[in-house]
Amino acid sequence: GLPAAIQGVLDRKYKPLDFRFFVGCHDYANGELDAVTYASKYQAIACARSLALKQCIQLPKPLWHEVMELSGGELREISMLEMMKRNDIQKD
């Protein structure tokens, strides 16, 4: 857990960048998460651990766009459309 990760970093067993911490929480009422998922407001995506824990500093594009592109189909198209709106990141 978290205490072991902290101690591992302090003991130099692990590097701080070996970990990814997501801060924040959104609570859903019974069935609310299912409802927003079925309404396509959220999309559950399975991905490799190496992708989920990928170092995000100085990536050519935001990690979420990479995940969406790798998912293919409509998610890839949405990512491409959103990327076209931006001028602060590299385009393929």
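**Patches, bridges and ring pairs**

In this predicted model, L2, I6, L10, F21 and V23 make a nonpolar surface patch of about 570 Å².

User: What makes I6 partly exposed?

Analyst: I6 has a relative accessible area of 44%. Buried means under 20% and exposed means over 50%, so at 44% I6 falls in between and gets called partly exposed. You'll find I6 in helix α1, residues 2-10.

User: Let's go to E66. Why is E66 called buried?

Analyst: The relative accessible area of E66 is 19%. The cut-off for buried is under 20%, so E66 counts as buried. E66 sits in helix α4, which covers residues 63-71. Leaving out residues up to four places away in sequence, E66 touches L51, K54 and K61.

User: And K61, what makes K61 buried?

Analyst: K61 comes in at 11% relative accessible area. That is under 20%, so K61 is buried.

User: How do you know that E69 and K61 meet in a salt bridge?

Analyst: Check the N to O distance between their side chains: 2.7 Å. A salt bridge needs a Lys or Arg side-chain nitrogen within 4 Å of a carboxyl oxygen of Asp or Glu, so E69 and K61 qualify. The structure holds two salt bridges.

User: Which residue forms a salt bridge with K85?

Analyst: That's E82, with the closest N and O atoms 3.0 Å apart. The limit is within 4 Å, so K85 and E82 make a salt bridge too.

User: Now the rings. How many aromatic pairs does the structure hold?

Analyst: Two aromatic pairs. In one of them, Y14 and F19 are 5.6 Å apart centre to centre, with 90 degrees between the planes.

User: Why is the pair of Y14 and F19 called edge-to-face?

Analyst: Rings pair if their centres lie within 6.5 Å, and planes over 60 degrees apart count as edge-to-face. With 5.6 Å and 90 degrees, Y14 and F19 pass both tests, so the pair is edge-to-face.

User: What about Y28 and Y42, how do you know that they form an aromatic pair?

Analyst: Their centres are 6.3 Å apart, within the 6.5 Å limit, so Y28 and Y42 pair. The planes are 85 degrees apart, which is over 60, so this pair is edge-to-face as well. Y28 and Y42 are 14 residues apart, and the pair links distant parts of the chain.

Key. Residues are numbered from 1 along each chain as its sequence is written. This is a predicted model: local features need pLDDT of at least 70, side-chain atom pairs count only at pLDDT 80 or more; totals for chains, interfaces and linings use all residues. Side-chain values use heavy atoms; hydrogens and water are left out. Helices (H or I, at least four residues) and strands (E, at least two) are DSSP runs, numbered from the N terminus. Buried means under 20% relative accessible area, exposed over 50%, partly exposed in between (1.4 Å probe, protein chains only). Contact means heavy atoms within 4.5 Å. Patches are made of residues with over 30% relative accessible area and no salt bridge: like charges are joined within 9 Å, nonpolar side chains (Val, Leu, Ile, Met, Phe, Trp, Tyr) within 5 Å. Accessible areas come from the Shrake-Rupley method with a 1.4 Å probe; for residues, only the protein chains shown count as cover. Rings of Phe, Tyr and Trp (its six-membered ring) pair if their centres lie within 6.5 Å; planes under 30 degrees apart count as stacked, over 60 as edge-to-face and the rest as tilted.
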